[in-house]
Every structure is written in C-alpha cells, then in structure tokens.
Amino acid sequence: MIPLVIAHRGASGYLPEHTLDAKALAHKMGADYLEQDVVATRDDELVVLHDIYLDRVTNVAKCFPTRARDDGRYYVRDFDLEELRSLSVWERMNADGSAVYPGRYPAQSGDFTINTFAEELEFIRQLNANSGRQVGIYPEIKRPAWHRQEGVDITPGFLRVIMDGGYENIDDPVYIQCFDFAELKRLKIEFDTPFKLVQLIGENSWGEAATDFDFIRSADGITELAETVDAIGPWVLNLYELVDNAPRPGDLVMRAHTAGLAVHPYTFRADELPPGFSSFEDLVRFFVVDLGVDGLFTDFPDRVVQLRLS
Ligand code: CA
C-alpha cells in the first residue's frame, strides 16, 4: 500500500506555512499533493492562508495596528489584496508572539509573502513543468458559511481559479476539501463539480462548521457521505484509541473503505506526536500498515516519502 503524501500547507515543518517557498520545498521533497487553504480578501480576491485571521502568521499588528476588530483579531476579509501583499509571512505564533513549534523556522523573522490562489496554482504548474513530476493540488474552502455572512460566496470563484489553472475533470490531480458538508453537497449538486471531494472531519466543539461530525462518523453518516464525496479527512484521533497506552485501530477506516471512501487523515508532525506514539516512524507505520489509510497530511513530506521508499 502506497499512501499519498499530502504536504500540509507545504513543507511547513521547515518553512512558514502556505508560502510559495514551503510549496516549492514540498514539491522537491517528493510530495504527491500540495495543500491550499483559501480565504477571501476585502476586494474578493482569493488568497492562500490557513486562518480567516492574519495575526498568527504575519506582522499585521505592526503594519496596521488600528485594524483589529473588537475581538482583537485581524481578519483577512478586512484587507485588500494590495495591503496583504505588503505584509511579511512568519512562522506560526501563539497569541503572545512565541513560536507554536519552537524547532521550526525562527519566530517573527523572514520576509515571505502572501499569495493568491491563482498565483500558487501557476507556480505549481511551473514546478511540474520544470521537474517533469505531476504534483497535484488539494485546496480547501475555508469557512464558506462565515464568508457568506461577510458578504462573499467564495465557492464560485474558488472553482473558477481551479478551472483556469487547467484542471477540468475527475482524473486530474485535484481533491477539494471542506469541513462543511452542506458546501460539499452544493459543489456536487449545484456546481456539478468534476473534481474529487473530501469531507474533513473534526470535533463539533471546534466550531468549524454546522456539520455534525459525530453523526458523520457513524455508519449512517458514512453511508450518506458516500453519496457526495470520494474521501474523508479525519483528524488522527478519530482513527484509533489507546488501550493500556498502546494505540489500537478504531473502526472508522474500515467503515469508510466499505462505503468506497478513501481516508486521508491529518496532521502528521514529527515535532508533535499524538498520544501513544514515541516516534514519527512508528506513527506513520501504524496509520499506513495497521490502519491502511490511503493518504496523509504531513508537515514533513520528506520524512514520509523516505519511509515509503524504505
Ligand atoms: Ca487545510
């Protein structure tokens, strides 16, 4: 079994997430797919950033100190693309400015930039052409319901960018992911999208979408999902349990496979191992060999590619 290696926000274990630099590195490391998270600017441009906020990955608070909302956060939606281009992208920070992952690219340094979704797809097209390797795209529509509340429906523009990027049918290397099941149904039915669809699965407590993830994981939920999507993207803790501190497979992978769904869990980080694992290699082997997942999202694509080759 050879699982797909999906570079989570690029080779984000090494360079600030969602920069073109992190994407180029992941491409060179041998990732099969590069992930994009897509959010809308004030002037309805689509940019590649993980959060609807800017403050944890840029110097926005220094450049635009008066532009936070009442909750203290700086929203992508409150800035024009031109303003976003003036920001430096930094390694992910906590609220106090300290590094989320201290061993990674130094905190609050570097002069990486925010890019549009279209620019990233063009960049990947160039990398594919130069290398002769066809690396796919794995874009996520971030918080579609929230964006509608903010006055923009991001899905039509999101699809247009993908089509303009030269992707057009189910065999093309594209997976579209979303936490919001209603939006995935919309993609399938209203937009008749030709691309593979992935239901992301988390916990209801995260507030990512109105989707009921407890139901989605159930037998009935998986059966319903299978009418719309091609794969699920659960987080790692959805897939195993600990018995005497040893990981034991849960039943979600088998349930999904029985329904014809591929399983692409997130997120595999060498510097943040989930409970029950003492090494990154053991973690990956358990998911690939014992659980039989079909792909995995990782911040360290080189480490997974290396294992796959060995
Ligand atoms: Ca994502």
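How close do the axes of helix α4 and helix α6 come, and at roughly what angle do they cross? Select residues 117–131 for α4 and residues 154–164 for α6. Keep in mind that this is a predicted model. The two axes come within 10 Å, and the crossing is at roughly 20°. Angles under 35 degrees count as roughly parallel, so that is the label for α4 and α6.

On the α4 side, pick F117, A118 and L121; their counterparts in α6 are F158, V161 and I162. Colour this contact by class and you get six nonpolar residues, with no polar and no charged ones.

Next stop: R73. Look for R73 in the loop that runs between α2 (60–63) and α3 (81–85). Is R73 buried or exposed? R73 has a relative accessible area of 17%, and under 20% counts as buried, so R73 is buried. To see what surrounds R73, skip the neighbours within four places in sequence and select Y53, D55, R56 and A68, which R73 contacts.

How many disulfides does the structure hold? The count is zero. Select C63 and C178 anyway to compare their accessibility. C63 is partly exposed, at a relative accessible area of 36%, whereas C178 is buried, with 0% relative accessibility.

Methods. Residues are numbered from 1 along each chain as its sequence is written. This is a predicted model: local features need pLDDT of at least 70, side-chain atom pairs count only at pLDDT 80 or more; totals for chains, interfaces and linings use all residues. Side-chain values use heavy atoms; hydrogens and water are left out. Helices (H or I, at least four residues) and strands (E, at least two) are DSSP runs, numbered from the N terminus. Buried means under 20% relative accessible area, exposed over 50%, partly exposed in between (1.4 Å probe, protein chains only). Contact means heavy atoms within 4.5 Å. Axes are lines fitted to C-alpha atoms, for helices over the stretch in contact, and angles run from 0 to 180 degrees between N-to-C directions. Angles under 35 degrees count as roughly parallel, over 145 as roughly antiparallel, 65 to 115 as roughly perpendicular and the rest as oblique. Ala, Val, Leu, Ile, Met, Phe, Trp, Tyr, Cys and Pro count as nonpolar, Asp, Glu, Lys and Arg as charged, and the others, Gly among them, as polar. A disulfide is a pair of cysteine sulfur atoms within 2.5 Å.
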